[in-house]
Amino acid sequence: MRIPFIDLNAQYAEIKKDLQASFDAIMKRGDFILGKEVVLFEKEFAGYSKRKFALGVNSGTDALFLGLLSLGIGKGDEVIVPAFTYIATAFAVTYTGARPVFVDISRDSYNIDTNKISAAITKRTKAIMPVHLYGQCADMAPILEIAKTHKLKVIEDAAQAHGALYKNRMAGSIGDIGCFSFYPTKNLGGFGDGGLILTDNPEIYKRLFKLRDYGRKTRYEHVNLGYNSRLDTLQAAVLSIKLKHLEKWNNMRRRNAKIYNAMLKPADNIITPEESGYARHVYHVYAVRVKDRDRVVNELRENKISAIVHYPVPLHLQEVFSGLGYKNGDFPVAEKIAHEVISLPMYPHLKERQIKFIADTLIKITRD
Ligand SMILES: Cc1ncc(COP(=O)(O)O)c(C=O)c1O
């Protein structure tokens, strides 16, 4: 049995008719940039997330970058980010001219260790950027508390957490702003790049509105340096149609995780993911930990099971950040997790028999 890491064909089949009708209408109207569906999707996503404003942009990376700019962050500032996340989290900080300051992660959730944030705060710190890694929210209550004490902004990187909950609040609706990616493999993914920023603050929203579209006041009057970072109408149409299925698809992911857990938890040499008491995990990634990880990944692949590592190198050890002065040993938990994690195939329509085959194979490979 060959099992891909992700397979979105069944998802496509469910929405094909709606997509065709919507695409046809857009082709006839021709409003490809900032068209009707963009406004509609922004409204729908803001409503789904229980936030006042949502603004579509052209990627999750730009959501973070423009979000930081909208909060006035730039050269000379520092932003706290977890040492274990996708590179884009820290790149967005660097693009603004600010410096990413890394903090180690929790051994249980793989999210930023909230006990270690205060020690990383300096006079220059302007914001904390927690990441809801793999589809599970970071522990936001202590983060908000620290931010309040030190007058810092909070930017949620919710790129992997569409529909995840922290207590009863939606991922991305808790900080000053929440940033999403609609990269095609995400829980809510387009047919290309896309991103979105949530906020309740009308001033931030107004700034973002200009930042994403050349700092325009009117068509050819520009009041500030802006960018070309718009969500395409076609992408918004896809996302609007998919949003109606997101809860169902997230529940299918949760069911799949349950099946994996039931089979893998009892195995001696496999550590399964923990769902924190405060969280509704949406399993964008289902990551287990094993010893001798690289051998295990290779043997899974030899058995036609496509496994990936998110992420083999923590950010403080990435060559691109060598100028920041970090070294091996600075963030022991992030380094350990980066050596041990494997992401197993995970998507809503993954079948029980496929999960059983993956789990059986993994147990065999890790037995000795
Ligand atoms: C945690 C995290 N942050 C940011 C991004 C960047 O999103 P995008 O690829 O849409 O630019 C991603 C996704 O790739 C991500 O996983």
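Among contacts between residues at least 6 apart in sequence, 70% join residues that are at least 24 apart. That figure, like the others I shall present, comes from a predicted model.

Let me turn to the overall fold. The protein contains 11 helices and 14 strands. Its radius of gyration is 21 Å, close to the 21 Å given by the globule rule for 368 residues, so the protein is as compact as a globular protein of that length. Along the principal axes, the C-alpha atoms fill a box of roughly 70 × 55 × 35 Å. Of the 368 residues, 48% are buried.

The chain is divided into domain 1, residues 9-243, and domain 2, residues 246-366. Their centres, taken over C-alpha atoms, are separated by 24 Å. To the contact between them, domain 1 contributes 33 residues and domain 2 contributes 30 residues. On the domain 1 side, α1 (9-29), α4, β6 (165-166) and α7 (233-243) each supply at least two residues. By class, that side of domain 1 has 17 nonpolar, 9 polar and 7 charged residues.

Finally, the ligand. Which residues are the closest to the ligand? They are S59, G60, T61, A159 and S181, within a surrounding set of 15 residues. The shell divides into 8 polar, 5 nonpolar and 2 charged residues. Two helices, α3 (60-70) and α4 (87-95), each supply at least two residues of this shell. I would draw attention to α4 in particular: this helix supplies at least two residues to the ligand shell, and at least two to the side of domain 1 that touches domain 2.

Definitions and conventions
Residues numbered from 1 in each chain as written. Predicted model: local features only at pLDDT ≥ 70, side-chain atom pairs only at ≥ 80, totals over all residues. Near = placed C-beta within 6 Å. Helix = DSSP H or I, 4+ residues; strand = E, 2+ residues; numbered from the N terminus. Nonpolar A, V, L, I, M, F, W, Y, C, P; charged D, E, K, R; others polar. Rg over C-alpha atoms; globule rule 2.2 N^0.38 Å. Buried ≥ 20, exposed ≤ 12 C-beta atoms within 10 Å, placed from the backbone. Contact = placed C-beta atoms within 7 Å. Domains from an automatic or database assignment.
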